[in-house]
Amino acid sequence: MKNIIQKNKKWAVLLSATAMLFLGSCKSDYLDTEPTAAVSESVAFSSAAGVMSIINGMHRDLYSRQTNNNNSQGQNGQGGIMIIMDALGEDLVFPSTGNNWYISTVRWQDQANANSDYAFYPYQLYYALIRNANLVIARAPGVPVGSNEEANTIKTAIGEAHAFRAFCYYMLVQIYGKRYVPNTNNSQLGVPIRLIADESSLARSTVEEVYKQINLDLNEALVKLANTKRISKSHFDKQIVQGLIARVALTQGNYSLAAASANSARSEFKLMDNSAYLSGFNNLGNQEWMWGSAIAADQGDSFSNFGAYMSRNYNSTNIRQAPKAMNTKLYAMFPKTDVRKKVVDSTGKHLDLALPATYAKFPYTSQKFLSVSTSDSRVDLPLMRAAEMYLIEAEALAKMNQESASKAVFLQLQKNRDESYKGTVKTGAAYIDEILNSRRIELWGEGFRFLDLKRLNMNLDRTGANHSSTVVNNLFTAPNTDKRWEFLIPLKEINANPLIVQNPL
């Protein structure tokens with residue numbers, strides 16, 4: 001393969017053409033928490049602080065647009081992928097086409113187009129993070145240390161790298177592979193497992209093999225981070241890893257592990273009160289938020305931030321023309337006393353926000369997410385909350401037929417969100433449906449719905465709600481057998497890697 005050398009005044013990095021396609025820009029690989037310049041690999045791996053700067057940069061890449069990769073506004077790290085995953089579902093409603101951001105996604109066109117930037121972006125982002133994780137795992141053990149503190153920094157960085165690698169492969173295999181089917185051998189194609197930072201061509205591993213690697217990385221991260229104190233909530237620690245284990249175990253149908261891990265993960269995080277729930281979902285300091293991204297004022301990207309598309313108040317063309325609404329069928333499932341319903345305005349007027357006349361008003365639009373102001377689109381990105389752990393635990397216990405224990409957990413969450421909630425008399429499948437519907441409204445807009453539908457082997461059903469036929473291009477339903485539940489492998493990767501097999505068209 002032809003090698004490409006990219007040079008800067010102070011550094012140079014050697015990459016192959018293939019690496020450039022899905023590993024992302026060299027310059028973003030070593031960004032610090034508040035980056036102003038990149039450093040070379042030799043500098044990064046000369047000290048414990050240098051290694052941690054790589055980890056800091058990886059966390060920053062979860063919320064930033066890599067402009068040096070020519071990523072568009074909608075490709076803004078994990079926040080952009082969260083929007084994609086919900087736009088593909090039925091609960092996040094686009095009442096108009098607005099200025100067309102994510103409309104091709106809503107119409108299920110992107111995942112069926114190997115040339116689509118939105119089919120390529122998750123591949124690009126996650127493999128870029130995996131490359132950096134691989135570098136840290138391989139090279140950090142050889143970095144000289146002069147104190148116990150530096151040794152612990154190295155250990156923590158390696159633990160975080162394993163957590164990153166697990167998280168990225170978990171996202172990749174869900175997006176590009178077929179769903180994991182519990183209690184089968186899962187020999188269907190997943191994604192290539194790349195464990196060293198090179199440019200060699202690799203074939204796709206099976207879904208089972210990818211999940212095996214995910215669990216190996218999570219277990220290693222759990223060991224490395226067992227006694228560490230993280231820098232901030234943007235980083236991984238033992239409890240966040242336990243939360244990831246809970247997610248993965250739920251997907252794999254390992255309900256005992258899912259329930260236990262979710263319980264441990266949330267143990268030090270309290271559910272927020274109703275006042276906090278109504279305050280805009282924009283503050284990583286919220287006691288319920290376990291993991292997320294806090295966007296500093298000097299690191300904002302006004303029209304690319306998550307809040308530029310999902311907030312109700314930011315003054316952008318997208319927000320003015322296409323504010324995001326909740327599925328009316330979901331809205332109708334809950335009583336008016338449920339705080340999660342109170343962030344949705346059935347009139348669309350949002351009088352408490354005093355929106356200017358230039359803002360289009362559509363019924364059932366949500367103000368769950370509020371940006372810093374009409375001129376500042378920043379919204380801290382919620383990547384994991386305690387509420388999700390309650391829901392995982394409740395679902396897992398119910399699916400193990402431990403309904404009484406499940407209801408005790410579920411009651412804590414529901415009572416917090418709705419003081420009038422008296423408990424449920426539902427049992428069996430009807431009770432599990434109640435948990436899943438609570439999950440839908442609780443995690444609305446946080447990037448879970450498409451992957452949940454796929455995990456649960458459900459059909460897409462947008463009928464009977466407030467979806468516009470024009471916006472969705474009459475795509476109201478899709479059976480669970482539809483080929484579009486798996487994104488096509490990006491054409492750039494197909495052309496660069498002769499061992500890659502494409503998903504069915």
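## Salt bridges across the model

A salt bridge here is a side-chain nitrogen of Lys or Arg within 4 Å of a carboxyl oxygen of Asp or Glu. Side chains of opposite charge can pair when their charged atoms come close. The model you're looking at is a predicted one, and a search of the whole structure turns up 29 salt bridges. Let's walk through a few of them.

Start with R139 and E41, whose side chains meet in a salt bridge with an N to O distance of 3.2 Å. R139 sits in helix α6 (residues 117-139) and E41 in helix α2 (residues 41-44), so the pair links distant parts of the chain, 98 residues apart. R139 is partly exposed, with a relative accessible area of 36%.

Next up is R165, which forms a salt bridge with D217; their closest N and O atoms are 2.9 Å apart. What does this pair tie together? R165 belongs to helix α7 (residues 148-176) and D217 to helix α8 (residues 207-224), so the bridge ties together parts that are 52 residues apart in sequence. R165 is buried, at a relative accessible area of 5%, and D217 is buried too, at 1%.

The salt bridge between R455 and D452 has its closest N and O atoms 3.4 Å apart. These two residues are three apart in helix α19 (residues 449-455), so about one helical turn separates them. Buried or exposed? R455 is buried, with a relative accessible area of 10%, and D452 is buried as well, with 7%.

Elsewhere, salt bridges that share partners join E288, D338, R340, K368, R385, R417, E442 and E446 into one network.

## Helix α17 and its two partners

Helix α17 (residues 403-417) packs against helix α16 (residues 386-399) at an angle of about 155 degrees, and their axes are 8 Å apart. Angles over 145 degrees count as roughly antiparallel, so α16 is roughly antiparallel to α17. The crossing of α16 past α17 is left-handed. On the α16 side, the contact uses A387, Y390, L391, E393, A394, L397 and A398, which meet E403, A405, S406, V409, F410, Q412, L413 and R417 of α17. Sort the residues of this contact by type and you get ten nonpolar, two polar and three charged.

α17 also packs with helix α18 (residues 428-442), this time at an angle of about 35 degrees with the axes 12 Å apart. This crossing is left-handed. From α17, the contact takes in E403, S406, K407, F410, L413, Q414 and R417, while α18 brings G428, Y431, E434, I435, S438 and E442. The residues here split into four nonpolar, four polar and five charged.

## A buried glycine

Finally, have a look at G79, found in helix α4 (residues 78-87). G79 is buried, with a relative accessible area of 1%.

Which residues does G79 touch, leaving aside its neighbours within four places in sequence? The contacts are L62, F306 and L381. L381 is 302 residues away from G79 along the chain, yet their C-alpha atoms are separated by 6.8 Å.

Methods
Residues are numbered from 1 along each chain as its sequence is written. This is a predicted model: local features need pLDDT of at least 70, side-chain atom pairs count only at pLDDT 80 or more; totals for chains, interfaces and linings use all residues. Side-chain values use heavy atoms; hydrogens and water are left out. Helices (H or I, at least four residues) and strands (E, at least two) are DSSP runs, numbered from the N terminus. Buried means under 20% relative accessible area, exposed over 50%, partly exposed in between (1.4 Å probe, protein chains only). Axes are lines fitted to C-alpha atoms, for helices over the stretch in contact, and angles run from 0 to 180 degrees between N-to-C directions. Angles under 35 degrees count as roughly parallel, over 145 as roughly antiparallel, 65 to 115 as roughly perpendicular and the rest as oblique. A crossing is left-handed if the near helix is turned anticlockwise from the far one by less than a right angle, and right-handed if clockwise. Contact means heavy atoms within 4.5 Å. Ala, Val, Leu, Ile, Met, Phe, Trp, Tyr, Cys and Pro count as nonpolar, Asp, Glu, Lys and Arg as charged, and the others, Gly among them, as polar.
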